[in-house]
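Please keep the model in view while reading.

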Amino acid sequence: MLLYLLIGLLTALLYGVFKYYQWTSKFPKGPFPLPFLGNFFEFDFKYQYKSLQRMGKGQNGIYTVFSPIPFVQITDFEIIKEAFVDKGEDFVGRPDNEVIQEAFTFAPNAGVINSNGESWRENRRAAISIMRDFGMGKNLMEAQVRSSVEAYIAHLDTIKDKEHVNLRWPIQVMVANIINEVLFGFRYKYDDCQPLMNYVNGFNELMEKMTESIGLMIALVFPRIRHWPIIGWYSVGRVEAAQRKLNEFIIKNVERTLKDYSVEDEPTCFAHAYKQKMGQNAFLDQTNLLATCSDFFVAGMETTTTTLRWAMLFFAVNQEAQDKLRQEILEVVGSDRIPEMADQPKMPYARACVLEVQRRANILQTNVQRVTVRDVEIRGQTIPKDTWVNGDIHYLMANDPLFENPEEFRPERYLHEDGKTLRKDLVEHTIPFSIGKRVCAGEGVARVELFLGLTTTIQKYRITPCEGAEIDLVPPPNAILLPKDQELCIQKV
């Protein structure tokens, strides 16, 4: 009897293994997955980009990692372009996984980053329309950026000990004030910004919790464990609690902004304008207002802040590049006014510097996952419907053959020999905002912030390491690759 039972169990196991590999064969071929566990034990969840870089070597630009759910990784620019641009409608989905929608967002299927279907289309359309009305990428938006940059420089001028300056919070407040003014109509003062500091610290803690939790990946496969005592808390609950604290910041700011506002009045910020549109269709409501503000705030603040923080470290290490950038700024702009976007066409080296900072900082371990909304064929390989897809922009900007010696910080790589003309091939392959239907909606303002924030800082200050200190360019583990907090010496030019 026992023998028959063992034979039955072995037969069932073999059949399960056969069906498992029959299932995995439907996806683009990648590293060999173990039965049922996939590539789970090959994956370092703290340093995901290192695992994906190791796995991506030797692949043909598109492959699948099972962790244990399937993630299709696309590491070749032309294939990313084919998928996200040429066949963009097939890749417009976001994961509708219970854990992601319930724990990591303001509300399920709300806002513009993690929503799907008509909710995403209507809210993205409304948000972009409102942002354009308030001048995103136009003169009004540039004026707001320049005003915030001027306040940032004025704050640096007041710092007494300029030989030991941590630029994290000055940059953070400068960038946050731009999106805060657009969304909510007010700015924070540099000496009175505790709510903002609490939000930023809370967001960083959330990213750390997400990165270090292996249980979180298990919960993506078995979402019901989020309801289990103890296990549910450590796998999902503590992350969800951190997200709820961040939501409180957005709720308070929206309530403050709308407290005395009537829809009959002229809107002065995003929240006002969205309030006027509410009720036009079923997807423009209070929940989506809050969720969209949350999406724009975190996306419009943390990525640009992090990139500018890396920029200061890169230029502190690379004095020759800093001197060359400053020389171009002073030749084109002078020292009596700060740079403006109209100067950009006459400043090819500055443009190259911004691109190289974005490429070298490479702050996203993984792109925001897209999901196929139907079966789709890419380069002769089928990606089934509802598959998570990562257009691996981190891998691309760190490993694309066009970027020779990619670990080097060398803005000149983006310029032709004449030193004036940008290399279109390298520019096209530098895609920190992703591409296609789900491209970052705040790309326009981010480019203005990066150009003006970097050039104005270098125009006004020389950035050097503190005496006797070395700059550490190795990021700690985090979903967003933040630089380590470290002091710099800033000298007025």
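**Helix packing and backbone geometry**

Helices H5 and H11 cross in a right-handed manner; a crossing is left-handed if the near helix is turned anticlockwise from the far one by less than a right angle, and right-handed if clockwise. Helices (H or I, at least four residues) and strands (E, at least two) are DSSP runs, numbered from the N terminus. The model is a predicted one, in which local features need pLDDT of at least 70 and side-chain atom pairs count only at pLDDT 80 or more, while totals for chains, interfaces and linings use all residues. Residues are numbered from 1 along each chain as its sequence is written, and side-chain values use heavy atoms, with hydrogens and water left out.

Two packed helices are described by the angle between their axes and the distance between the axes. Helix H5 (residues 117-133) and helix H11 (residues 270-277) pack at about 130°, with axes 10 Å apart. The axes are lines fitted to C-alpha atoms, for helices over the stretch in contact, and angles run from 0 to 180 degrees between N-to-C directions. H5 is therefore oblique to H11, given that angles under 35 degrees count as roughly parallel, over 145 as roughly antiparallel, 65 to 115 as roughly perpendicular and the rest as oblique. Asn123, Ala126, Ala127, Ser129, Ile130 and Met131 of H5 make the contact (heavy atoms within 4.5 Å) with Phe270, Ala273, Tyr274 and Lys277 of H11. By class, these residues are seven nonpolar, two polar and one charged; Ala, Val, Leu, Ile, Met, Phe, Trp, Tyr, Cys and Pro count as nonpolar, Asp, Glu, Lys and Arg as charged, and the others, Gly among them, as polar.

A second pair joins helix H7 (residues 168-184) to helix H12 (residues 286-317), whose axes come within 9 Å and cross at roughly 155°. H7 is therefore roughly antiparallel to H12, and the crossing is right-handed. Among the residues that meet here are Val175 in H7 and Cys293 and Thr304 in H12. The contact of H7 with H12 has 13 nonpolar, five polar and three charged residues.

Thr304, in helix H12, counts as buried because its relative accessibility is 3%; buried means under 20% relative accessible area, exposed over 50%, partly exposed in between (1.4 Å probe, protein chains only). Not counting residues up to four places away in sequence, Thr304 touches Val175, Ala446, Glu449 and Leu450. Thr304 and Glu449 are 145 residues apart in sequence, yet 7.5 Å apart in space, C-alpha to C-alpha. Cys293 is buried as well, at 0% relative accessibility. With a disulfide defined as a pair of cysteine sulfur atoms within 2.5 Å, the count comes to zero disulfides. For Cys293, the nearest cysteine sulfur belongs to Cys269, 8.1 Å away.

Helix H13 (residues 319-332) and helix H14 (residues 348-361) have axes that come within 8 Å and cross at roughly 135°. They are therefore oblique to each other, and their crossing is left-handed.

Most residues other than glycine have a negative phi, and most peptide bonds are trans. The peptide bond from Ser67 to Pro68 is cis, with omega near -10°, and Pro68 lies in the loop between strand E1 (62-66) and strand E2 (70-74). Asn109 has a positive phi, near 50°, and is partly exposed at 33% relative accessible area. Ser434 also has a positive phi, near 65°, but is buried at 8%.
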